Amino acid sequence: MKKKVRNKGNKKTRVKSVIKAGPATTRRRAGIIGLGSYLPKKILTNRHLEKMVDTSDEWITTRTGIKQRRIALKSQATSDMAVRASKSALRDAGIKAADLDLIIVATITPDMQFPSTACFVQKALNAENAVCFDIGAACAGFVYAIVIAEQFIITGKYKKVLVIGSEKLSSVTDWTDRNTCVLFGDGAGACVMAPVRSGGILSSYIGSNGKNSDLLFLPGGGSRNPASHKTVDSKLHCIKMQGNELFKMAVRIMVYAADKSLKKLGLTCKDIDMFIPHQANIRILFAVAKKMGLSRKNLYLNIAKYGNMSSASTAIALCEAVKSKHIKKGDLVVLDAFGAGLTWGAVVIKW
Ligand code: UT7
């Protein structure tokens with residue numbers, strides 16, 4: 001029988017009672033046992049962008065919080081970055097690629113339309129026993145992929161799952177459009193998930209709303225607008241975005257997602273030790289933190305260094321927060337992301 005969780009007592013006792021109660025559906029729990037990230041060496045600063053479009057370091061910094069972003073080599077595909085991050089995550093987890101049962105790549109910039117980028121990762125890693133697929137949930141992709149991996153683990157179907165967020169957004173950026181080109185960067189983050197005896201994923205919540213799909217999209221190259229001279233000339237293979245509309249939704253929905261995932265456990269934002277949001281805009285993140293009553297020390301930020309890397313943003317932020325000891329054993333961590341689709345989600349993890 002499920003134990004009752006009461007939202008009483010101080011923060012420590014509240015979180016402890018949740019751990020004892022176990023996840024809602026089963027006693028088996030999935031956790032993250034290894035993390036890795038990869039960032040291309042090339043740095044594109046706001047000063048560089050000033051020479052490319054009509055913008056300024058001052059505008060980009062104050063409106064977005066971004067100072068620089070990483071750009072992959074022409075020869076580097078999304079799977080190449082994913083492989084670098086994955087090797088590091090496998091080392092961190094202390095397992096071999098052959099131990100993997102499943103590889104999920106969250107990306108909106110796959111190497112090709114098909115096969116999946118996950119299959120390219122499998123090939124490069126020699127992960128011959130893994131089932132492989134990609135998921136397309138844009139900036140919420142890493143959170144979605146964690147939730148998917150968790151289902152396979154808690155049902156006992158798979159034991160070792162590699163979850164990756166990898167993006168080469170520079171390949172779909174219109175470098176003449178100042179509204180978007182200042183925002184994005186390239187990179188990859190990966191985690192190995194497995195059944196855990198203590199800690200792990202306590203709860204999650206994901207959601208979608210296709211009604212607002214026109215706020216952020218890439219129209220060309222799919223079955224709606226197959227590649228042609230016309231689609232190339234009209235720049236349909238680049239990201240189109242209505243930033244200010246998204247901004248308002250992002251704040252509201254990220255707060256809602258965090259709240260919803262915590263409520264399932266009888267916890268509140270006050271119980272969070274480290275909040276790892278998708279890094280879209282510093283003003284969004286400060287507004288979210290304010291609404292949630294989070295202080296700066298509970299909010300992990302790396303947007304200044306990397307910009308918005310879609311599905312890779314949350315993955316890299318989590319990896320960096322753990323490696324730099326901003327997250328310690330026993331901490332209550334919340335991942336929270338929002339992106340095109342619209343898609344969104346939050347995951348509560350006891351570290
Ligand atoms: O990743 C998941 C989802 N993505 C998001 O959640 C992104 C959310 N949106 C945003 O981060 C912000 O909306 C942006 C950073 C994209 C834009 O900031 P904003 O404060 O919403 O600016 P705006 O789009 O309302 O534009 C304000 C002005 C405009 O000029 P006018 O029309 O007022 O004369 C733009 O043309 O700023 C201008 N502008 C720029 N100026 C200098 C837009 N981009 C630039 C630029 N440099 N790079």
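Domain bounds here come from an automatic or database domain assignment. On that basis, domain 1 (11–23 + 201–350) and domain 2 (30–197) both give residues to the shell around the ligand, so the ligand lies between them. This is a predicted model, in which local features need pLDDT of at least 70 and side-chain atom pairs count only at pLDDT 80 or more, while totals for chains, interfaces and linings use all residues. Residues are numbered from 1 along each chain as its sequence is written, and side-chain values use heavy atoms, with hydrogens and water left out.

**The shell around the ligand**

- The ligand is surrounded by 24 residues, the closest being Thr55, Arg63, Asn281, Arg283 and Asn308, where a residue is near a molecule if one of its heavy atoms lies within 4 Å of it.
- By residue class, the shell divides into eleven nonpolar, nine polar and four charged residues; Ala, Val, Leu, Ile, Met, Phe, Trp, Tyr, Cys and Pro count as nonpolar, Asp, Glu, Lys and Arg as charged, and the others, Gly among them, as polar.

**Polar contacts and cover**

- An oxygen atom of the ligand is 2.7 Å from an N or O atom in the side chain of Asn281, a polar contact being a pair of N or O atoms within 3.5 Å.
- A nitrogen atom of the ligand is 3.0 Å from a polar backbone atom of Gly243, and a ligand nitrogen is also 3.4 Å from an N or O atom in the side chain of Trp59.
- Of the 960 Å² of accessible area that the ligand has on its own, the protein covers 74%, with areas taken from the Shrake-Rupley method with a 1.4 Å probe.

**Elements that build the shell**

- Two or more residues of the shell come from each of α3 (57–64), α7 (178–181), α9 (243–263), α10 (282–292) and β12 (332–339), helices (H or I, at least four residues) and strands (E, at least two) being DSSP runs numbered from the N terminus.
- The element that gives the most to this shell is α9, with four residues.

**Backbone geometry**

- Most residues other than glycine have a negative phi, and most peptide bonds are trans.
- The peptide bond from Phe114 to Pro115 is cis, with omega near 0°, and Pro115 is found in the loop between β4 (102–106) and α5 (117–125).
- A cis peptide bond also runs from Gly341 to Leu342, with omega near -5°, and Leu342 lies in the loop between β12 and β13 (343–350).
- Ala138, in the loop between β5 (131–135) and α6 (141–154), has a positive phi near 50°.

Conventions:
Polar contact = N/O pair within 3.5 Å; in protein donor to acceptor, adjacent residues only side chain to side chain.
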